[in-house]
Amino acid sequence: MAAAKFEVPKFREYPIIPNLQPDIMDSDGPFVAKSEHQTPLGFPGELVENWQEKAIAKMGDLLNKYRGLRLYMDICVKCGSCTDKCHYLQGTADPKNMPVARQDLMRQVYRRYFTVAGKFFPWLVGAKDLTEDVLHDWYNYYHQCSQCRRCSVFCPYGIDTAEISMAAREIMDSVGKGQKYCNEIIGKVFKVGNNLGLPGPALADTLESLEEDIETDTGVRVRLPLDVEGADILLVTPSADFFAEPHINGLIGYAKVFHEAGVSWTISSYASEGANFGMFIGSYENMRKISLRIREAAIRLKVKRIVIGECGHAWRVAYSFLNTLAGPFDFLDPNYPVPQHICEFTYDLIQQDKLTFDKSKNDHRVLTFHDSCNVARGAGMGGIPGGQFMIPREVIKAVCNHYYDMPPETIHDQTFCCGGGGGLLTDDLMEIRVKGALPRMEALKLVEEDYGVTHLAAICAICKSQFTKVLPYYGFKMDKVVSVHQLVSDAIILTRPGAPKLDEDE
Ligand code: SF4
Ligand code: SF4
């Protein structure tokens, strides 16, 4: 088991609500962004002098712009239905990690400045001034929310704490108190094209060496093309797919599927990132700027289709917002969805019997599947109700003989977050990440005991990275997590001839 500087939660016999421990997770929050991380995103470099005034003005802007936010501030009836639904409450026992309490951090300020009762009788309606203490709590507890939306599934009014958390982060950014991790990453996308800051030549080298690896393994040269003008498909995938385990095995899987489909495809060095951290910080402008890179790459490379790789929030942004942010995409082939998920792409081919698999290649694995929050509760797939749950599972079942779901109250739209989403995947938030993973780890333990499950498949880069890191804290091996297209890659039989070597191309 990995060593921790904090107490790792114990598996519970039943998922009971923990005894509350007020302020147990009180801290200064994640590292604060410095000026060099803030200014490229259009935010002040440090906390501005008149920050209270500016923050309230920004809040007023957001309340006018996002009518849902005002509604969420007004309609909570304190029914308590959401209180125990957050994985961070379950893992930390800090009452401020109850979704309703997290919302109240903003609601008390809203009432003070934007309601008549709160202006004149603040003590009667739980209204509070926006003080330094409140800002401290905002920064800390809005970075203990992975914006997973699980609580909203159980709220009779559909109050979306994720939206509130995004608004809070946007307000804090606007007065100069941003989070280093998210803002630094967004800056790298603007500068280099991806979260990692991986420049084009390094990316080209990586893709070439993957081609060599595949050829060594299979005897077939499968291309992983970069910046090929006129290719049919632009693949936009999280940059973790270019280097990290198990992500990279998924990328190899996509390449093999494209090869077998006989389609031409390319990655773009300009838009070499599927992730869009603009969503985590609630910044429409930054989310739009990142999305526009995909549009620009698609136009420059003259592709007909856009396919998104395995990344949860990238898929949410692409599926739910891409057209608004960067559309219209009327220059693409209307016969295909814009965009299309790689699982949809592979599933279509499976339906048409165009892929050949040897499922026994995965017989050393007994699988379960983790529904990633942003796919499960923020997107759809395949134009089928519940397609986002069915399609990845059907892909897994097409390539594996042994598959078992985790308990129903922990999957599909009730899935538990991996604990590292929403901009929390940083080492300075390790304690909350490990504690927040508890419910998912418990569900995994159950299927391990009941069915001998050996591997947890996922279609989200953040989930994969988070699991790799937190699994050992709960006594599991870190390589228990696999990419769905890694399973495809291991089972697929390459029937088409290999591509010519690069120098034979010309
Ligand atoms: S959105 Fe997710 S992380 Fe945030 S309060 Fe709700 S359940 Fe917790
Ligand atoms: S479930 Fe909804 S209405 Fe009930 S306390 Fe939670 S946020 Fe408020």
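A search of the whole structure, which is a predicted model, finds zero disulfides, a disulfide being a pair of cysteine sulfur atoms within 2.5 Å. Cys 182 is in no disulfide, and the nearest cysteine sulfur, that of Cys 145, is 12 Å away. Cys 182 counts as buried because its relative accessibility is 0%; buried means under 20% relative accessible area, exposed over 50% and partly exposed in between, with a 1.4 Å probe and protein chains only. Cys 460 is likewise in no disulfide, the nearest cysteine sulfur being that of Cys 463 at 3.6 Å. With a relative accessible area of 6%, Cys 460 is buried.

Ala, Val, Leu, Ile, Met, Phe, Trp, Tyr, Cys and Pro count as nonpolar, Asp, Glu, Lys and Arg as charged, and the others, Gly among them, as polar.

The next topic is a pair of helices. Helix H2 (residues 51-65) and helix H5 (residues 99-114) have axes that come within 11 Å and cross at roughly 95 degrees; axes are lines fitted to C-alpha atoms over the stretch in contact, and angles run from 0 to 180 degrees between N-to-C directions. Helices are DSSP runs (H or I, at least four residues), numbered from the N terminus. H2 is therefore roughly perpendicular to H5, a term for angles of 65 to 115 degrees. On H2 the contact (heavy atoms within 4.5 Å) is made by Ile 56, Met 59, Gly 60 and Leu 63, and on H5 by Met 106, Val 109, Tyr 110, Tyr 113 and Phe 114. This contact has eight nonpolar, one polar and no charged residues.

Residues are numbered from 1 along each chain as its sequence is written, while chains are lettered from A and ligands numbered from 1 in the order in which they are written. In this predicted model, local features need pLDDT of at least 70, side-chain atom pairs count only at pLDDT 80 or more, and totals for chains, interfaces and linings use all residues, while side-chain values use heavy atoms, with hydrogens and water left out.

Key. Helix = DSSP H or I, 4+ residues; strand = E, 2+ residues; numbered from the N terminus. Parallel < 35°, antiparallel > 145°, perpendicular 65-115°, else oblique.
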